[in-house]
Amino acid sequence: MADDTRSLRILLADDHVTVRQGLKMLIESQDDMTVVSEVSDGKAAVEQARALHPDVVVMDISMPGMNGLVAARTLKQMQAGAVIVILTRHGDDAYLQELLRAGADGYVLKQSAASELLQAIRATAARNQYLDSALTARVTAGFLAKSGRKAQGTGVSLS
């Protein structure tokens, strides 16, 4: 019987070697994923993404030289179909909003469970957006507050 499954090809961009090695081990422990390249800055991420056309780019924000925000914008301008998952320690709204505007398809916090990143990779590879579950309630509450609605189940008016 032929194997119809295809491994998702992942590019890792993080300036910390130990983080990249850990991410590579996590990703390659999955039957449906493989790491095709690892880089330490945004410029190299853009170059490797252009050369290799990975299914998903997993990228940190804080990197030397070209940071993840600039790299995400640049990559999306060059390849509108590029899929980018931001993996960062920054959970505040300013980073989140700016990266979503730049074209990030997923946003995962480094302090979250490893399963969050794996879910994000699979979801974004399937052309869905993904937001870390730790951020979902806050983002939803902010949206509801702007619309003057009450959050279901909280009993607290967000207006």
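A polar contact is a pair of N or O atoms within 3.5 Å; within protein, one atom must be able to donate a hydrogen and the other to accept it, and residues adjacent in sequence count only if both atoms are side-chain atoms. This is a predicted model, in which local features need pLDDT of at least 70 and side-chain atom pairs count only at pLDDT 80 or more, while totals for chains, interfaces and linings use all residues. Residues are numbered from 1 along each chain as its sequence is written, and side-chain values use heavy atoms, with hydrogens and water left out.

**Whole chain**

Start with a cartoon view. The protein has six helices and six strands; helices (H or I, at least four residues) and strands (E, at least two) are DSSP runs, numbered from the N terminus. Their order from the N terminus is β-α-β-α-β-α-β-α-β-α-β-α. Of the 159 residues, 42% are buried, where buried means under 20% relative accessible area, exposed over 50% and partly exposed in between (1.4 Å probe, protein chains only). Contact means heavy atoms within 4.5 Å. Taking contacts between residues at least 6 apart in sequence, 58% join residues at least 24 apart.

**Helix α2**

Select residues 42-52, which form α2. At the N-terminal end, D41 is the cap: one of its side-chain oxygens lies 3.0 Å from the backbone nitrogen of K43. Next, colour G42, A44, A45, V46 and A49, which are buried in α2. The buried residues of this helix pack against β1 (8-13), β2, β3 and α3. H53 has a positive phi of about 50°, although it is not a glycine.

Two packed helices are described by the angle between their axes and the distance between the axes. Axes are lines fitted to C-alpha atoms, for helices over the stretch in contact, and angles run from 0 to 180 degrees between N-to-C directions.

Which residues of α2 and α3 make the contact? Show G42, V46, A49 and R50 on α2, and A71, T74, L75 and M78 on α3. These residues divide into five nonpolar, two polar and one charged. In this count, Ala, Val, Leu, Ile, Met, Phe, Trp, Tyr, Cys and Pro are nonpolar, Asp, Glu, Lys and Arg charged, and the others, Gly among them, polar.

**S37 in strand β2**

Move to residues 33-39, strand β2, and pick S37. S37 counts as buried because its relative accessibility is 11%. Its side chain joins that of Q48 in a polar contact of 3.0 Å. Leaving aside residues up to four places away in sequence, S37 touches I10, L11, L12, Q48 and L52.

**Two loop residues**

Select G91, in the loop between β4 (84-88) and α4 (93-102). Is G91 buried or exposed? With 17% relative accessibility, G91 counts as buried. G91 touches L109, L135 and R138, again not counting residues up to four places away in sequence. Draw a C-alpha to C-alpha distance from G91 to K110: the two are 19 residues apart in sequence and 9.4 Å apart in space.

Finish at R127, between α5 (114-125) and β6 (130-131). R127 is exposed, with a relative accessible area of 58%. R127 is not a glycine, yet its phi is positive, about 70°.
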